[in-house]
Amino acid sequence: MLPDMEGFEVAKRLGAQRARVPIIYLTARDGTEDKIRGLTLGGDDYVTKPFSLEELVARVRSVLRRSGLAEPDSSKLTFEDIELDEDAHEVSRAGEPVI
């Protein structure tokens with residue numbers, strides 16, 4: 001339900017490029033068919049709205065751990081140039097704070 005295309009299409013394109021990017025769907029689509037489609041197209045997790053921030057952070061940590069991209073025992077979640085610091089409640093991209 002993105003403005004230009006569906007998340008399913010994004011996952012297909014990433015798969016076609018053989019991108020090694022973890023995918024977590026955050027969606028209002030809660031039907032079993034949608035969940036199966038998302039996971040079959042390469043999604044690593046599928047979270048339906050509403051969800052808590054704590055649950056989302058736990059799921060992100062889990063996906064990063066499974067993909068070998070997690071830093072052990074850190075309050076920071078990092079993927080490429082994006083960093084979320086749970087303790088400081090800050091997000092930065094390329095070293096610059098995201099507001």
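Two strands are taken to pair if DSSP finds at least two bridges between them. Helices (H or I, at least four residues) and strands (E, at least two) are DSSP runs, numbered from the N terminus. The model is predicted: local features need pLDDT of at least 70, side-chain atom pairs count only at pLDDT 80 or more, and totals for chains, interfaces and linings use all residues. Residues are numbered from 1 along each chain as its sequence is written, and side-chain values use heavy atoms, with hydrogens and water left out.

The protein chain holds three helices and six strands. Along the sequence they follow the pattern α-β-α-β-α-β-β-β-β. The C-alpha atoms fill a box of roughly 40 × 30 × 25 Å, taken along the principal axes. Of the 99 residues, 20% count as buried. Here buried means under 20% relative accessible area, exposed means over 50%, and partly exposed lies in between (1.4 Å probe, protein chains only). Contact means heavy atoms within 4.5 Å. Among contacts with a separation of 6 or more, residues 24 or more positions apart account for 23%.

An open sheet of four strands has the order S3-S4-S5-S6, and the pairing is antiparallel. Strand S3 (76–79) and strand S6 (96–97) are the edge strands, each pairing on one side only. Four bridges link S3 and S4 in the antiparallel sense. Glu-80 lies in the loop between S3 and S4. Its phi is near 55 degrees, a positive value in a residue other than glycine. Glu-80 is exposed, with a relative accessible area of 67%.

His-89 sits in the loop between S4 and S5. Its phi is also positive, near 55 degrees, and the residue is not glycine. At 74% relative accessible area, His-89 is exposed. Most residues other than glycine have a negative phi, and most peptide bonds are trans. The peptide bond from Lys-49 to Pro-50 is cis, with omega near -5 degrees. Pro-50 is found in the loop between strand S2 (45–48) and H3.

Further along the sheet, S5 and S6 run antiparallel and are joined by two bridges. Ser-92 belongs to strand S5 (residues 90–93). It stands opposite Pro-97 in S6. Ser-92 is in contact with Asp-81, Ile-82, Glu-83, Pro-97 and Val-98, leaving aside neighbours within four places in sequence. Ser-92 counts as buried because its relative accessible area is 17%.

Nonpolar packing was examined next. A nonpolar core is a set of buried Ala, Val, Leu, Ile, Met, Phe, Trp, Tyr and Cys residues joined through side-chain atoms within 4.5 Å. The largest such core has five residues: Phe-8, Ala-11, Ile-23, Tyr-25 and Tyr-46. Ala-11 touches Ile-23, Tyr-25 and Leu-41, not counting residues up to four places away in sequence. In soluble globular proteins, nonpolar side chains tend to be buried together.

Ile-24 is in strand S1. Its relative accessibility is 24%, so it counts as partly exposed. Beyond neighbours within four places in sequence, Ile-24 is in contact with Asp-45, Val-47, Arg-59, Val-60 and Val-63. Ile-24 and Val-63 are 39 residues apart along the chain, and their C-alpha atoms are separated by 8.2 Å.

A pocket is an open set of points where a 1.4 Å probe fits, with protein on both sides within 12 Å along at least five of seven lines; lining residues have an atom within 4 Å of a point. Grid points are joined across faces, edges and corners, and a volume is the space filled by probe spheres set on the points. The largest pocket holds about 890 Å³ of space. It is lined by 31 residues, of which Pro-22, Ile-23, Ile-24, Tyr-25 and Leu-26 are the closest to its centre. Helix H1 (7–16), strand S1 (24–27), helix H3 (53–66), S3 and strand S4 (82–85) each supply at least two residues of the lining. H3 gives the most, with six residues.

By class, the lining has 24 nonpolar, three polar and four charged residues. Ala, Val, Leu, Ile, Met, Phe, Trp, Tyr, Cys and Pro count as nonpolar, Asp, Glu, Lys and Arg as charged, and the others, Gly among them, as polar.

Conventions
1 Å grid on protein atoms, 1.4 Å probe; cavity = no way out; pocket = protein on both sides within 12 Å on 5 of 7 lines; lining within 4 Å.
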